[in-house]
Amino acid sequence: EQLFADDIEAILALKHKHDAVILAHNYQTPEIFHGVADIRGDSLALAREAQNIKQQVVLMAGVHFMAETVKMLNPEKTVLIPDEMAGCSLAEGITAENVRTLRARHPGVPVVTYVNSSAAVKAETDVCCTSGNARRVVESLGVPEVIMIPDEYLARNIENETGIKMHTWSARCEVHERFTPPEIRQYRRMHKDSLHVIAHPECAPEVVAEADHAGSTASMISYIENNHPDKVLLITECSMSDNLSTMFPDTQFVRPCNLCPHMKRITLKNIRRSLETMSTEVTIAAEHQEPARRSVERMLAL
Ligand code: 13P
Ligand code: SF4
């Protein structure tokens, strides 16, 4: 803890000096999540909270598409990301040109885009979704088929839940695509009936089928709050179990987990530097700002 104390103290002072707020995704390391963040949550909670920010400076302890969403909703504020290279295999897996091609292939079919996407892709979108509201967003459209991009697995999992036909894209989360059914079965054999398995819907449908519950990182927290399991296997990024083991000391968190190299680019050191230098500032191309913001606001209005 002493290791982090200097940086935490400096960051708290810098926040005060610059009237800054720090948003942190659930996959940030505990010293960031518990040490310096003001607002914590899943992608949906962070987007919702971004609508009500009073401070002039917002630092995103998360990946680039999350910072872009904050900037879209707060064009007049300074939005900082400590490392611009904090990307996402889903956001990088599709371009605006790809979306136009899909629309031409399926005329009249609405485009639902996972928030794990660039502003340019959101600008081509009818409505965004997160893993926390994907089912609600898709069902709200009242149509038999949807173009759901870019996460192939999220789209397949929502198709299985709703029966609505999905035209998908081939991008995947490099963290969640690595989990396999045999891996989960082996943990079940080791821990018998006491183990509750919770999977993220960015996992393959065969993996989700092995779980007791599937949902966003916020829904994982609700599941534990409501069910008080003795032992939990979270099929997701490693920091999730690290952060929750502090919040739920009576629950044992069984690993395995996979690290997200993009989330892990954010550190106390670069948060401190970011607030000292007011960089790197996130910007949205003028032509994407309004159409991208509309697709996010449509989601938040639901
Ligand atoms: P949620 O926190 O919305 O479940 O998203 C998970 C994720 O992989 C974010 O990059
Ligand atoms: Fe992207 Fe997956 Fe990392 Fe989330 S965990 S930022 S979806 S690569």
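A residue counts as buried if 20 or more other C-beta atoms lie within 10 Å of its own, as exposed if 12 or fewer do, and as partly exposed in between, with C-beta atoms placed from the backbone. The model discussed here is a predicted one, where local features need pLDDT of at least 70 and side-chain atom pairs count only at pLDDT 80 or more, while totals for chains, interfaces and linings use all residues. Residues are numbered from 1 along each chain as its sequence is written, and chains are lettered from A and ligands numbered from 1 in the order in which they are written.

Back to Glu-76: this residue sits in the loop between helix H4 (64–73) and strand E4 (78–80), helices (H or I, at least four residues) and strands (E, at least two) being DSSP runs numbered from the N terminus. Its C-alpha atom is 8.3 Å from that of Gln-56, which is 20 residues away along the chain.

E4 belongs to an open sheet of four strands, ordered E2-E1-E3-E4 and paired in parallel; two strands pair if DSSP finds at least two bridges between them. At the edges are strand E2 (39–41) and E4, each pairing on one side only. On average, neighbouring strands of this sheet are turned by 20° against each other, direction ignored. Strand E1 (residues 20–25) and strand E3 (residues 57–61) are parallel partners over five bridges, and Leu-23 has Met-60 of E3 as its bridge partner.

Next comes strand E7 (residues 145–149): four of its five residues are buried, so the strand is largely enclosed by the rest of the structure. Strand E5 (residues 111–114) runs parallel to E7 and is joined to it by three bridges, with Thr-113 bridged to Ile-149 in E7. E7 also pairs with strand E8 (residues 165–168), again in the parallel sense, over four bridges. Here Val-146 finds its bridge partner in Met-166 of E8.

Another open sheet of four strands has the order E10-E9-E11-E12, with parallel pairing. Its edge strands, E10 (213–214) and E12 (252–254), each pair on one side only. Helix H11 (residues 217–227) packs on this sheet and touches E9, E10 and E11, its direction making about 155° with that of E9. Contact here means C-beta atoms, placed from the backbone, within 7 Å, and axes are lines fitted to C-alpha atoms, for helices over the stretch in contact, with angles running from 0 to 180 degrees between N-to-C directions.

How is H11 itself arranged? Its buried residues are Thr-217, Met-220, Ile-221 and Ile-224. Seen down the axis of H11, they fall within an arc of 100° (taken from the directions from the helix axis to the C-beta atoms), so they line one face of the helix. Their cover includes E9, E11 and helix H12 (238–247). The face turned away from the buried side carries the exposed Glu-225 and Asn-226. After H11 comes His-228, with a positive phi near 45°.

Thr-217 also turns up at ligand 1, where 13 residues lie around the molecule and Asp-42, Ser-43, Ser-131, Ser-216 and Thr-217 come nearest (near meaning a C-beta atom, placed from the backbone, within 6 Å).

Key:
Contact = placed C-beta atoms within 7 Å.
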